[in-house]
Amino acid sequence: MYRIISGKWKAKKIAAPKNFDVRPTTDFAKEALFSILENTYDMQSIAVLDLFAGIGSISLEFASRGCQSVTSVELNPKHTSFINSTASELGMSLQINVQRGDVFDWLKKFRNNKSFEIVFADAPFETEEKKYQEMISLVLNNKYLKENGVFILEHQARLKLEHPNLQYTRKYGNVSFSFFGPNQPAAE
C-alpha cells in the first residue's frame, strides 16, 4: 500500500495485490524528493522517464501533480498491467505511457529517441554497483536527459556512488537519492 502525496489525487491510497513483491518509495522519502523537484521544475511542462517503475508509485505521483508525459518502464507484466489499470481508474491514461521491458535493454533500444527533464530509477536494492554505473552511463551518454535535466537514482543508503556528473546525494532512512546532471556539450 502506498499513497499519492500531492496533486489531483492527494491522499489517495493505492493497494497492490498481496502477491506483488515490491518496495515502493516511502512516503517520507517521496515527499522530500518531490519537494526538491517542485522547487526546480514546473510539473505541467516536463517529461519524465520512470525506470523500474514497479507498481507506479513515482509515475502516478508525477501524473497527480500535473505532469502530462510520464514514460514508465517495468519488466514485470503484472506490474505493468497494474500501472495501466490504476492510471485508467484515475483518469491518467493519457499522461502515463507504460513500456514493458528490461530497463537496460530498453535504454539501449530507445537511445536518442526522446529526452526528459527528469529520469528517475529505483532499481532493485540488490543491484550491484557496476549495474548502477552501467545505467548511469546509458542514461547520460544517450541523450535521455535534456540540458536542464536531472537523473535521480534511488538506492540503499549504504551504497556510495561516485561519478563526475554526481551533483549531490540526499539520505532518507535507509534510502538515498543521488542526483546526476547531464553531460556537458563538448566545447567547439
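1. Leaving aside its neighbours within four places in sequence, with which residues is N148 in contact? In this predicted model, the partners of N148 beyond those neighbours are Y41 and E117. N148 itself belongs to strand β7, which spans residues 145-156.

2. The accessibility of N148 deserves a comment. Its relative accessible area is 47%. Since partly exposed covers the range between the buried limit of 20% and the exposed limit of 50%, N148 is classed as partly exposed. One further distance may be noted: the C-alpha atom of N148 is separated by 8.1 Å from that of G181, although the two residues are 33 places apart along the chain.

3. The sheet to which β7 belongs is open and has 7 strands, arranged in the order β5-β4-β3-β6-β7-β9-β8, with mixed pairing. Its edges are formed by β5 (96-100) and β8 (166-172), each of which pairs on one side only. From one strand to the next, the twist averages 15°.

4. Within this sheet, β6 (residues 116-121) and β7 run parallel and are joined by 5 bridges.

5. Helix α3 (residues 77-89) touches β4 (69-74) and β5, and the direction of α3 makes about 165° with that of β5. Helix α5 (residues 129-140) lies across β3 (47-51), β6, β7 and β9 (175-180), and runs at about 165° to β7.

6. Not counting residues up to four places away in sequence, H79 touches F20, D21, V22, G54, I55 and E74.

7. The packing of α1 against α2 is a separate matter. Two packed helices are described by the angle between their axes and the distance between the axes. For α1 (residues 27-38) and α2 (residues 57-64), the angle is about 45° and the axes are 12 Å apart. The two helices are therefore oblique to each other, and their crossing is right-handed.

8. Which residues of α1 and α2 meet? On the α1 side they are K30, L33, F34 and L37, and on the α2 side S57, I58, E61 and F62. By class, the residues of this contact comprise 5 nonpolar, 1 polar and 2 charged.

9. A11, which is not a glycine, has a positive phi of about 75°. This residue is found in the loop between β1 (2-3) and β2 (13-14), and its relative accessibility of 45% makes A11 partly exposed. F52, likewise a residue other than glycine, has a positive phi near 60°. The position of F52 is in the loop between β3 and α2.

Terms used:
Residues are numbered from 1 along each chain as its sequence is written. This is a predicted model: local features need pLDDT of at least 70, side-chain atom pairs count only at pLDDT 80 or more; totals for chains, interfaces and linings use all residues. Side-chain values use heavy atoms; hydrogens and water are left out. Helices (H or I, at least four residues) and strands (E, at least two) are DSSP runs, numbered from the N terminus. Buried means under 20% relative accessible area, exposed over 50%, partly exposed in between (1.4 Å probe, protein chains only). Contact means heavy atoms within 4.5 Å. Axes are lines fitted to C-alpha atoms, for helices over the stretch in contact, and angles run from 0 to 180 degrees between N-to-C directions. Angles under 35 degrees count as roughly parallel, over 145 as roughly antiparallel, 65 to 115 as roughly perpendicular and the rest as oblique. A crossing is left-handed if the near helix is turned anticlockwise from the far one by less than a right angle, and right-handed if clockwise. Ala, Val, Leu, Ile, Met, Phe, Trp, Tyr, Cys and Pro count as nonpolar, Asp, Glu, Lys and Arg as charged, and the others, Gly among them, as polar. Two strands pair if DSSP finds at least two bridges between them.
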